[in-house]
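These are my notebook entries on a single structure.

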Amino acid sequence: MKRFEGKTVLITGSTQGIGAACALRMASEGANIILNGRKFDERGQGIIDQITAMGQQARFIAADVSDPKNVIGLVTSAIETFGRLDALVNNAGVERNHDFWDVTEDEYDFVMNTNLKGVFFGIQAFVKYCRANNRPGVVVNMSSVHEEIIFPHFAAYCASKGGLKMLTRNLATELAPLNIRINNVAPGAVATPINQHLLETPELLNNLLKNIPMKRLGKPEEVAAVVAFLASEDAAYVTGSTYFVDGGLTYHYEEQ
Ligand code: NAI
């Protein structure tokens, strides 16, 4: 029995990186997928083609999820597309590297609106749908190890993921009576386009690897496996948690 047979999953920012890996993993387990990105391009078509080849259905809905109006529209269109929505994976996220004293309001808004505000109102739209139809639901938020550990020069990013940590803790309690579970996945360093600069700079990469007990970056598929677990009935008693997928980075200890 496939874990997502007959189910529909919406994954934001899902035409590359971790989001694309989540889409492929959940489709391989029977889900129909709503893909999202700011605009449709050949990457989206490529993921649709792979999902179709697995015998599942996939549609792309363009929406910039940093704007609540757009993310509410995305959830509504996703529900209309396959007539149901069982799980929401809030994956889209952005980061900006600046000294704290140089961060502009535009950069702050760009990061916070994408990583937190849009997520907040996307979950709200999904919860309204579940409540109105008396349906269970599952939410998985793509957080980061930086909901827990510091990342100098990424203050807005840390604030957004820290906010996501408390949003999830809070909503787990508020949504449990509605039979809606919500959890975070916190990747460490994963080889995706967001880390292009790191991947191309051996000095930065080697410094980072010193802090990772497993001495390697994660693969998008390794994050997707945990997302699929949390979205599935295998995690029926899991809510309000963060699952770290970080090769030991968060709580590593360097032996002297
Ligand atoms: P990525 O940059 O490869 O992919 C992110 C996707 O989201 C892109 O397709 C992008 O176009 C889309 N996106 C960004 N803003 C959007 C918006 N406003 N509306 C719609 N789509 C939007 O990044 P990656 O690495 O796959 O990251 C995915 C998530 O994982 C993010 O939330 C990120 O913060 C988180 N993460 C990633 C880590 C890593 O090492 N790669 C580590 C910790 C967390």
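Entry on Asn 91. I listed the contacts of Asn 91 (heavy atoms within 4.5 Å), leaving out residues up to four places away in sequence, and found Ile 11, Thr 12, Gly 13, Ile 18, Gly 19 and Met 142. Asn 91 lies in the loop that links β4 (87-90) to α4 (105-133). I take helices (H or I, at least four residues) and strands (E, at least two) as DSSP runs, numbered from the N terminus. Asn 91 has a relative accessible area of 11% and is therefore buried. The classes I use are buried for under 20% relative accessible area, exposed for over 50% and partly exposed in between, with a 1.4 Å probe and protein chains only.

Entry on the source. The model is predicted, so I note that local features need pLDDT of at least 70 and side-chain atom pairs count only at pLDDT 80 or more, while totals for chains, interfaces and linings use all residues. Residues are numbered from 1 along each chain as its sequence is written, and side-chain values use heavy atoms, with hydrogens and water left out.

Entry on α4 and α5. How do the axes of α4 and helix α5 (residues 155-175) cross? I find that they come within 8 Å and cross at roughly 15°. Axes here are lines fitted to C-alpha atoms, for helices over the stretch in contact, with angles from 0 to 180 degrees between N-to-C directions. This makes α4 roughly parallel to α5, the class for angles under 35 degrees. The crossing of α4 with α5 is right-handed, meaning that the near helix is turned clockwise from the far one by less than a right angle. On the α4 side, the residues in contact include Tyr 108, Val 111, Met 112 and Phe 120; on the α5 side, they include Tyr 157, Lys 161, Leu 164 and Leu 171. I count 15 nonpolar, three polar and one charged residues in this contact of α4 with α5. For these classes, Ala, Val, Leu, Ile, Met, Phe, Trp, Tyr, Cys and Pro are nonpolar, Asp, Glu, Lys and Arg are charged, and the others, Gly among them, are polar.

Entry on α3 and α4. The axes of helix α3 (residues 68-82) and α4 come within 8 Å and cross at roughly 35°. The crossing of α3 and α4 is right-handed. From α3, the contact takes in Pro 68, Val 71, Ile 72, Val 75 and Ile 79; from α4, Phe 121, Phe 126 and Tyr 129 are among the residues involved. By class, I note nine nonpolar, two polar and one charged residues in the contact of α3 with α4.

Entry on cysteines. How many disulfides does the structure hold? I find zero disulfides, a disulfide being a pair of cysteine sulfur atoms within 2.5 Å. The sulfur of Cys 22 has its closest cysteine sulfur in Cys 130, 19 Å away, which is too far for a bond. Cys 22 is buried at 1% relative accessibility, and Cys 130 is buried at 2%.

Entry on phi. Most residues other than glycine have a negative phi. I noted His 153, with a positive phi near 75°, in the loop between β5 (137-142) and α5. His 153 is partly exposed at 41% relative accessible area. Asn 179 also has a positive phi, of about 65°, and sits in the loop between α5 and β6 (180-187). Asn 179 is exposed at 52%.

Conventions. Angles under 35 degrees count as roughly parallel, over 145 as roughly antiparallel, 65 to 115 as roughly perpendicular and the rest as oblique.
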